[in-house]
Amino acid sequence: MVGKSEPINGTAKSQPPPSPLSPKSPDLLSGYFSFKSLKLKTKQQELLIRVSILCLVYVLAFVTRLFSVLRYESMIHEFDPYFNYRTTLFLTEKGFYEFWNWFDSESWYPLGRIIGGTLYPGLMVTAALLYWGLRFLRFAVHIREVCVLTAPFFASNTTILAYFFGKEIWDTGAGLVAAALIAICPGYISRSVAGSYDNEGVAIFALLLTFYLFVKAVNTGSLSWGLASAFGYFYMVSAWGGYVFIINLIPLYVLVLLITGRYSMRLYVAYNCMYILGMLLAMQIRFVGFQHVQSGEHMAAMGVFFLMQVFYLLDWLKHLLSDTKLFQAFLRMTVTSAVGVGAVALGVGTASGYISPWTGRFYSLLDPTYAKDHIPIIASVSEHQPTAWSSFMFDFQILLFLFPAGLYFCFKRLSDATIFIVMYGLTSMYFAGVMVRLILVATPAVCLISAIAVSATIKNLTLLLRAKTKAPQSASGKGGSSGKAASKGSLDQSQPFQKNGAIALLFGAFYLLSKYVTHCTWVTSEAYSSPSIVLAARGAHGNRVIFDDYREAYFWLRQNTPPDAKVMSWWDYGYQITAMGNRTVIVDNNTWNNTHIATVGRAMSSYEDEAYEIMRSLDVDYVLVVFGGVTGYSSDDINKFLWMVRIGGGVFPVIKEPDYLVNGEYRVDKGAAPKMLNCLMYKLSYYRFGELTTEYGRPPGYDRARGVEIGNKDIKLEYLEEAFTTSNWIVRIYKVKPPNNRW
Amino acid sequence: MAIPLRLRAAVSISIFALLLILPSCSAQDIQVVNAERRIDLTSHIIKVFLTLKVENTGASPASEILLAFPPTQVDHLAVVKAQVATGKRKKKTYTPLDVNPKELPDAPNGTKYLSISLLNPLAAGEAVTLEVLCILTHSLEPFPVEISQSESQLVYYHDSALILSPYHIKQQITFIKTPTTKVESFTVVDPTHRAGTELKYGPYNDRPPHSYSPVIVHLENNSPFAVVEELVREVEISHWGSLQITEQYKLAHAGARHKGVFSRVEYQSRPGHSGVSSFRHLLARLPPRVHSVYYRDEIGNISSSRLRLGALKSELEIEPRYPLFGGWKATFVIGYGLPLEDFLFESPDGKRYLNFSYGCPLVETVVDKLTIKVVLPEGSKEPSAVVPFPVNQYLEKKYSYLDVVGRTVVVLEKNNVVPEHNIPFQVYYHFNPIFMLAEPLMLTSVFFLLFVTCVAYLHIDLSLRK
């Protein structure tokens with residue numbers, strides 16, 4: 001691979017010495033400077049250009065992610081990042097040991113949650129280290145600023161990594177293009193804008209780092225690169241559950257290399273080093289523990305590891321045995337027995353329960369319909385839905401067309417590295433099709449492969465142009481250029497319009513790439529920079545209206561409720577309530593206990609008196625619901641309500657989904673099902689809403705989110721009372737009344 | 001309810017009647033010829049204007065006049081200012097006088113005294129007119145203690161119909177101004193008269209020293225009971241031309257606690273009737289030429305604020321995230337920058353001094369505990385603070401951006417601060433301007449080193465390839 005790329009690099013570098021510049025510069029420089037050492041040599045020029053492009057891309061990747069700070073403020077976005085922020089805060093305040101042993105009694109009341117053992121600490125530790133480092137250098141930053149800017153910072157680092165990766169699999173040109181493409185690719189930006197302080201922010205960096213180091217290790221066969229990739233893997237394991245992708249892709253890649261007869265000592269060294277060390281290191285993460293040897297998801301890697309040993313053994317025996325026939329027989333025997341032993345071990349392990357079966361989440365990746373039928377809690381999350389074509393187009397734009405072109409170039413020049421990137425691209429594209437959020441994993445591969453397409457095409461086109469321009473100048477000029485250019489040049493003579501064609505194609509490529517830039521910028525600023533805590537809308541006069549109801553409610557909880565109050569809400573808001581409201585919640589976004597969530601779902605979908613019993617048993621003091629009927633905010637609890645019914649009904653059969661539907665239709669108006677009109681969620685959402693006129697010319701109690709007049713305007717609450725409603729009614733908090741005095 | 005009130009009043013009267021018999025120690029040769037007291041109950045900060053015409057009936061000149069307060073009032077006394085008027089009607093000029101607490105050995109019933117030092121001792125037979133302003137905080141006691149959203153807030157005000165004084169008062173009268181005409185009840189000490197928003201006790205003639213006659217007024221007061229429980233103001237001086245102020249507030253509604261339901265629909269649709277004692281807006285008066293103002297709390301920016309810049313003052317209208325009902329709290333931070341030349345001056349002896357206003361910029365608020373931290377630039381020496389009223393002072397160290405030795409922080413603490421404390425104080429310190437260059441030099445050297453390493457790396461790189 002390295003050997004192959006050298007001559008191309010050589011030609012690329014031999015082209016640039018610009019003939020008009022070189023005679024000028026010595027005079028100019030010698031006129032001003034007495035020493036000649038400052039004169040830039042070709043290599044230095046190339047290096048300077050490369051470094052400045054990389055610096056610009058680095059800065060670009062960072063600043064394009066700051067739209068959210070400019071449009072809104074420096075704040076943490078969405079749901080999960082609030083948990084990460086809260087834990088990071090804890091880590092910086094209390095230190096690592098406290099963090100590692102943290103039992104959080106503020107969530108999952110009354111069960112609690114062992115935070116240290118149930119999270120991936122990579123992100124928090126990274127942010128804390130950045131924070132401590134900056135503090136040490138006397139930068140008086142707040143931990144929030146560090147958290148907000150962690151994702152953009154790592155995105156910038158990813159661009160550098162993409163450059164090195166591109167250089168490794170193709171050449172420096174492809175590396176530079178890859179860095180530029182990934183810097184602004186919306187698929188990646190969606191999870192790494194400033195404020196989206198989530199595991200994925202650092203995990204994509206770690207993922208690419210592991211892959212790059214592994215490919216480097218395979219290419220060089222060096223133990224040190226293998227070791228480095230093991231550490232990269234360790235970082236990835238510590239940061240994100242997506243490490244399972246690595247631990248399955250790499251064995252798959254090794255298997256493909258074995259099958260295609262590309263087995264080599266380099267591969268043996270790289271894989272064994274990476275797997276053994278990576279596994280041992282990964283076991284240090286409490287949340288992962290012994291899964292590498294005990295879980296079905298990790299067994300492929302182990303199987304391939306043993307297969308490698310068998311291969312090595314066979315290779316060795318081949319040297320010893322001169323008789324090929326004997327070897328063939330032996331080969332057949334060993335391979336069958338090895339596969340047989342492996343299968344039996346796996347079977348016994350699974351049957352005895354030592355090896356855990358695949359988890360539902362993993363299953364749903366292989367079978368997209370699995371979650372819908374079996375695990376409503378996974379299916380209810382919007383980012384777990386199968387991807388629509390439009391979102392591919394939205395997130396990749398021209399990369400979607402460049403990707404197959406890049407694959408073509410990769411297949412044309414197959415090497416260990418290109419096989420890797422092809423496999424990474426194809427598998428991740430499949431996963432991206434299964435789940436929306438996995439577009440993120442596919443993005444680096446798509447960018448790299450597209451970069452190969454762009455770089456190779458443009459290089460070919462410019463070579464064409466150069467060969468043409470040189471040809472009339474000097475007939476002997478061809479002799480200096482490389483064989484490829486020469487062949488193109490000879491082609492040119494037969495096709496006179498090719499120069500114009502090349503120019504047109506270059507302009508076309510330039511046009512497409514500039515379109516990509518504008519598209520990415522537009523998507524970033526319009527779609528991916530909203531914190532979703534603060535909602536912005538355009539007012540009647542074109543002015544910007546801010547709905548800050550979430551924080552209003554959370555801050556009210558924080559300031560005006562007893563410090564030990566327990567808040568019941570749907571699990572979506574759990575992390576935000578604990579982080580911003582600083583109050584105990586019953587369930588949160590770490591959906592580890594389905595029954596507990598189902599209990600809340602059951603309470604929400606029961607009648608008030610039944611719900612009161614459930615709430616009393618859970619010690620609930622406040623109930624929080626999100627309601628968009630006044631503002632027309634559509635992702636509120638009424639629209640999520642069917643999932644509550646489904647999840648509740650999955651555990652408690654008393655809750656039946658058809659009770660809430662009318663002829664299979666979900667309605668909240670007069671035609672709604674009677675159970676729907678009287679369940680707790682309906683009552684809490686629409687309590688006293690019937691008195692309010694939301695829109696001019698509409699009857700009171702007109703729900704703007706669903707566009708209907710509500711069916712039950714006379715709601716009386718017996719066991720709860722309204723405690724707080726935000727100014728736009730988006731969040732409503734109710735207090736659970738104490739039981740009546742018996743005397 | 002009226003009966004227990006009367007009863008309490010009767011008991012207190014009898015106690016004070018006993019006190020009268022006790023021999024009084026204070027100089028009996030001073031008597032108050034005429035006393036007029038006006039008590040303003042329109043907000044939760046109570047202002048008492050007292051006009052005393054004092055006459056020296058003794059033989060020796062008197063240099064101080066005593067004011068007496070019952071012990072319950074002394075704790076809530078935020079400010080006592082006294083001034084004397086000189087000159088006739090039109091050419092009247094007022095001279096402020098020093099007021100200091102004074103301990104008397106046998107004060108009846110724990111009465112506390114403040115002494116007003118006169119400019120010139122009052123000669124025998126002479127008279128002088130003193131004007132005293134007392135400001136009381138936390139003296140309106142909500143009753144009922146808890147109210148619902150639709151009720152308005154009623155409070156008790158306890159005082160005495162007779163002015164407590166160590167001197168014999170010949171004639172006195174007390175006016176109490178209530179915010180509305182709605183007064184539930186008031187103790188009657190004849191002659192008592194009520195008209196509109198004014199309640200008149202007196203005139204009473206010839207009352208002996210330490211006369212006391214407790215009265216309770218039960219009135220409606222819906223003014224915002226905005227109390228900042230704790231305020232930390234940090235003033236950071238940068239000699240590069242700006243003053244950065246960060247103010248951390250812990251605000252509470254100190255009125256009658258909110259009980260039961262908070263209904264948004266009623267709050268929105270009937271603003272005049274629902275939640276009348278609650279408040280939504282606060283006004284902060286900031287100095288002119290203020291810039292980069294922010295208003296946020298622990299969980300982010302609060303998007304409801306308005307800034308009006310003016311030549312004499314800037315006004316920042318802030319709205320907490322939610323309306324504050326009784327007992328509700330809100331914490332927030334206001335920060336702003338100010339041009340340095342407006343506040344930092346050089347004194348003749350070469351020292352620099354900061355001249356900044358004490359007190360809380362929010363109008364009509366009481367601050368229970370105010371801490372001002374003046375962060376001096378790195379390298380400043382010999383800090384000293386000059387504050388026109390007693391405060392608790394000490395020094396701290398703070399590390400900010402790129403600090404090596406840390407900045408000296410002068411901390412000034414005071415309890416029970418009212419808007420009348422918004423008067424300038426000074427912090428003096430020595431500063432050598434050379435220290436200003438430390439941080440830029442540090443940064444430039446870091447960048448210089450970085451570039452030098454790059455250059456060196458490139459050259460070494462070149463030589464290695466050859």
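The model is predicted, so local features need pLDDT of at least 70 and side-chain atom pairs count only at pLDDT 80 or more, while totals for chains, interfaces and linings use all residues. Residues are numbered from 1 along each chain as its sequence is written, chains are lettered from A and ligands numbered from 1 in the order in which they are written, and side-chain values use heavy atoms, leaving out hydrogens and water.

Over all chains, a search finds 54 salt bridges (a side-chain nitrogen of Lys or Arg within 4 Å of a carboxyl oxygen of Asp or Glu).

**First stop.** Select A:E73 and A:R551, whose side chains form a salt bridge at 2.9 Å, N to O. A:E73 sits in the loop between helix 4 (67–71) and helix 5 (80–94) of chain A, and A:R551, 478 residues apart from it, in helix 28 (residues 549–560). Helices (H or I, at least four residues) and strands (E, at least two) are DSSP runs, numbered from the N terminus. Buried or exposed? A:R551 is buried at 1% relative accessible area; buried means under 20%, exposed over 50%, partly exposed in between (1.4 Å probe, protein chains only).

**Next stop.** Pick A:R266 and A:D416, with closest N and O atoms 3.4 Å apart. A:R266 is partly exposed at 31%, whereas A:D416 is buried at 7%.

**Over to chain B.** Select B:K250 and B:E230, a salt bridge at 3.6 Å, N to O. B:K250 lies in strand 17 and B:E230 in strand 16 of chain B.

**Last stop.** Select B:E234, B:E236, B:K398, B:D403, B:R407 and B:E439 together: salt bridges link them in a network.
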